[in-house]
Amino acid sequence: MQSITVTLNGREVQGRPGMTILELAEQEGVRIPRLCYERHLTAPGAACPSVGACRICIVENEQTGALMTACTTFITPGMAVSTHSPRVIERRRTIIELMLASHPDACLVCDKGNRCQLRQIAAELGVGLIGLQRIPQTAFLKDANPFIKRDLSKCILCAKCIRACQELVVEGAIDYFRRGFVAKPATFGEGPLEASECTFCGTCVALCPTGALVEAELDYRGSVAATVRTTCPYCGGGCSLYLEVKDGRIVRAVPDRSDPVTKGTLCVRGSFGYDFVHSPERLTRPLVNVNGSFEPVSWEKAIAVVAAAFKSIKERYGSDSLAVYGSARCTNEENYLLQRFARTVLGTNNIDNGSRLYGGAPEAYGLGAPSRVLRRLEEADLILVVGADPTTSVPLTGYAVKRAVRCREAKLIVVDPRETRLVFFAECWLRPRPGTDAALLSGLAKVLIEEGLVDWEAVEKTGPGFAAFKDSLAALDLRRVEEVTGVSVPVIRQAAELYAKAQHPVILYGNGLNQQARGTEAVRALINLAQLAGGRAAICALQRDANARGACDMGTLPDFLPGFLPVADQQVRRSFRDYWGRLPATPGRTVVEMLQGAREGQIKGMYIVGENLLGGFPDAAFVREALGSLDFLVVQDLFLTETARLAKVVLPAAAFAEKEGTFTSFDGRVNWLRQAVAPPGESLPDWEIILRLAAAMDCPLPYEGLRGVREEIARLVPAYRGLGFAEAEAVSEVAATGESAAVPVYRKQLEVTPHFWPIQELQPPDSDPVYPFTLLVGSTLFHFGTGARSARARRLGKFYREAAVFIRETDAARLGLHGGEKVRLIAAAGEVTVTAKISATLPEGVLFAPFSPVQDTVGRLFTLELDPERKTPLTKMVKVRVERIGSDE
Ligand SMILES: Nc1nc2c(c(=O)[nH]1)N[C@H]1C(S)=C(S)[C@@H](COP(=O)(O)OP(=O)(O)OC[C@H]3O[C@@H](n4cnc5c(=O)[nH]c(N)nc54)[C@H](O)[C@@H]3O)O[C@H]1N2
Ligand SMILES: Nc1nc2c(c(=O)[nH]1)N[C@H]1C(S)=C(S)[C@@H](COP(=O)(O)OP(=O)(O)OC[C@H]3O[C@@H](n4cnc5c(=O)[nH]c(N)nc54)[C@H](O)[C@@H]3O)O[C@H]1N2
Ligand code: SF4
Ligand code: SF4
Ligand code: SF4
Ligand SMILES: [Mo]
């Protein structure tokens, strides 16, 4: 690329075409003050990378004497710029003085404190008490939410918050309200945030240069002692954040504004959900159950009890009577150690983790979930979202989808029976009856083929099985698809045509497919559709916990060794044996099979790490009975969960902010966890506990520390080879205040060849006059999983504490129900009492219940029904009937 020569402060430097003066200065290490500029606030396609609203970045053109804003002026050949000439400095002082003239005298008590950029720049320029007449702004907003407090008298109208809300997270909760001196960034009608579209993602707060937007319910005022860059522990988005620490406590979480993938955004959980770490309910000492009550013991004692029990079970009943359940919330290193512990210390492949169970690893379909999906979303011209609610479950992905639609006019197709937030952004909303996706997606495929909308040559190259698939489609009748799914043929055609036109389609699917009855068939129908794009489409499962993908990569699976290498393959085993020694040959049990084995007496001892089985699993009675049948159960967790209460020994684990390691995000980024605070009491990182246990079982694992574990992973797991993952703690590291972009490290993609799956016979959804309603369950934004963590985060914990069910207005009217009334939901498996809420948008006959943190209630409606192939429990929908509590009185 041609370079442009510019004289910057008397020195000739080279810039790129399209660079602004500010960017050039940045490249040269010249710092120009700015208040409204932000790297990622650049709407793609916009003519100008900034808005020049604050004007503090003015510089002088030495040839013409013109003053211009550096953030909006592009460099031109031969330009001579002075960034700190006396005129520039004088003018910057005046601008700051004017801002201060309408700013309240609140610095001493302002929560922004030393982080206020207005104050920093004023100090740099030596602007103190000013001679101008003061006209302080006033503001009367009252927000009642526990997350964000606004004092717009401190607003300098830089518009960063508005742009963040509209261009980055695309909620559009705030905009300029009024004009002139009284203009304010506010919600429509200046109402409170909680009455707006605001999701409390905190992105605007992190960007606000002054104290106009700050956190409500502060943990600490003043300067913090340390700032640590780490990764959010909740969903698989893998957002980077800084934890600010004071007196051994985390007092604030802020996004990493230099991260090129997250673009400095977080969601409400990342911004305000960290403080479960300091919950007084954290486990602080190992506990041993003595006659029904837990007694604290030393680590030596606890480890000795566990080791002795495992040894004796192994001697008496053999290795395969032991089982381990690993965790999508633990790091790659911990999962790697845990499966090695199971395989080489206990001697069994009975090891599994919840992400395979609930989400289904895409690899199970012969689908190498592609890396860089978030990046691909930024380039997509069509996005198909099936059975996933990303604005709730992985908000980072939701932002990327909305940006693609709003800023680049990508087309969005949503397939969901519920009106999710993304439906407002969709060109086309397909609303199938729950559980009929396989038929609908096959209908789309049929249209593509029938209308010649596929590139035959490319398609035939994509994967084997195409001929059989095409034959199976011949018998599919679109009118019958319409009957079964409730989606009309013209709408199916419209969606198929939109899809066919796309050059860069991205397909996201979630638990609406994974966890439904016939989910396997539906996911396969989606894979067929992806392949009909002839290699142009990316397809990715969206669900998942922080390290769900990593846990599977690390081989916390009964049938796969690390790197999805099959246990049953002798050659594969041989390569691992060189490192590990002995290695059991037969694939182990999935967690459901472990539980069934426990109930039937074949599994005697179990080690559960970071999973609340009793809370998260459908059919708690079965789980309780199974775990109760064990001779020995050890649970390693942060809290004394329902599951931990059933254990003989409970081991206290360190939380994400108390340990080192890596998480692999759903799109394949390998992100670092760094220790910000000490674990409470005597609790220890999971990896250290596993190493201690192995040593006590006389099979010490040969690692000095985590680095050795990473070196072995990098050697044995192809997807992690050559990433610099083992060597460089510094990879993806940026200085706390640095502006340089963090470099994401992506795990490599697996080499797999997906193939076409022939479609199966159409089946109408089951109907049962005794249970006429279909209840769907799903996530709520403020909570996660069973709520073990989110419900203990002070601010998140205030929401959704009561189980509720949403019901369509007309259905409610028919039953004579009012919103707020208690109702009984009755399913074949059991009944629960919940509060009814009225919904204007649910389809007739469909109910919706948020799943967390009230899973213990909602879960009672489910029996343990497994997908026959993937052994995934079906937890997404259940047939129920609704009864008014008052109706039989
Ligand atoms: N806030 C929050 N986020 C989370 C979690 C959480 O607990 N809370 N958990 C994390 C975990 S572990 C996971 S696995 C993921 C889950 O992430 P998602 O898969 O996005 O989440 P679900 O809430 O299960 O929602 C799935 C969507 O499927 C729709 N659906 C239900 N039935 C059908 C159907 O038959 N067909 C179609 N097409 N759609 C259907 C529902 O209406 C819902 O919109 O979220 C992760 N993120
Ligand atoms: N009916 C119905 N049931 C469902 C679902 C549904 O949609 N409907 N969704 C299912 C899904 S997708 C999932 S993922 C599950 C979620 O259910 P669970 O798998 O039980 O998930 P969580 O509640 O997130 O937390 C698991 C445990 O991990 C612990 N933990 C967190 N971090 C660490 C750590 O670093 N170390 C250790 N040792 N422990 C840690 C927490 O304290 C918590 O007790 O529920 C499933 N159940
Ligand atoms: S918290 Fe997020 S959604 Fe709410 S106003 Fe700020 S940027 Fe918008
Ligand atoms: S509230 Fe903060 S971010 Fe928003 S315009 Fe005012 S100063 Fe800028
Ligand atoms: S999107 Fe996921 S990873 Fe990002 S802040 Fe929210 S919960 Fe954390
Ligand atoms: Mo999950």
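Leu750 is buried in this predicted model, with a relative accessible area of 16%; the value counts as buried because the cut-off is under 20%. Leu750 belongs to the loop that runs between helix H26 (706-716) and strand S29. In sequence, Leu750 is 339 residues away from Lys411, and their C-alpha atoms are 29 Å apart in space.

Confidence was examined along the chain. The average pLDDT of the protein chain is 91, and 95% of the residues score at least 70. Over residues 730-740, however, pLDDT stays under 50, and for this stretch the model has 26 contacts beyond four places in sequence.

Strand S29, which covers residues 773-778, is mostly covered, with six of its six residues buried. In a regular strand, side chains alternate between the two faces of the sheet. In S29, Phe773, Leu775 and Val777 point one way, while Thr774, Leu776 and Gly778 point the other way, and all are buried. S29 pairs with two strands. With strand S34 (residues 877-884) the pairing is antiparallel and involves four bridges; within it, Leu775 has Val878 as its bridge partner. With strand S33 (residues 846-850) the pairing is parallel and involves five bridges, and here Leu776 stands opposite Phe848.

The nonpolar interior was considered next. In soluble globular proteins, nonpolar side chains tend to be buried together. The largest nonpolar core in the model holds 78 residues, and Leu243 and Leu412 have the most contacts inside it. Helix H12 (residues 395-408) supplies the largest share of this core, five residues. Leaving aside residues up to four places away in sequence, Leu412 touches Ile383, Val385, Val401, Val405, Leu422, Phe425, Ala426, Glu427 and Cys428.

Helix H7 spans residues 299-317, a run of 19 residues. The buried residues of H7 are Trp299, Ala302, Ile303, Val306, Ala307, Ala309, Phe310 and Ile313. These residues cover an arc of only 160 degrees around the axis, so they lie on the same side of H7. An α-helix has 3.6 residues a turn, so residues three or four places apart point the same way. Glu300, Glu315 and Arg316 are exposed on the other side of H7. The buried residues of H7 pack against several elements, among them strand S15 (322-326), helix H8 (332-346), strand S24 (605-609) and helix H25 (686-696). Just after H7, Gly318 adopts a positive phi of about 90 degrees.

Helix H3 (residues 117-124) was examined in the same terms. Its buried residues include Gln117, Leu118, Ile121 and Ala122. Viewed down the axis of H3, the buried residues fall within an arc of 135 degrees, so they line one face of the helix. Ala123 and Glu124 are exposed and sit on the face of H3 turned away from its buried side. The buried residues of H3 pack against helix H2 (86-101) and helix H4 (160-168). Gly126 follows H3 and has a positive phi, near 70 degrees.

Technical notes: Residues numbered from 1 in each chain as written. Chains lettered and ligands numbered in written order. Predicted model: local features only at pLDDT ≥ 70, side-chain atom pairs only at ≥ 80, totals over all residues. Heavy atoms only, no water. Core = buried A, V, L, I, M, F, W, Y, C linked by side-chain atoms within 4.5 Å. Buried < 20%, exposed > 50% of the residue type's maximum accessible area, 1.4 Å probe, protein only. Contact = heavy atoms within 4.5 Å. Pairing = 2+ DSSP bridges. Expected span 1.5 Å × (residues − 1). Arc of directions from axis to C-beta. pLDDT = per-residue confidence, 0-100.
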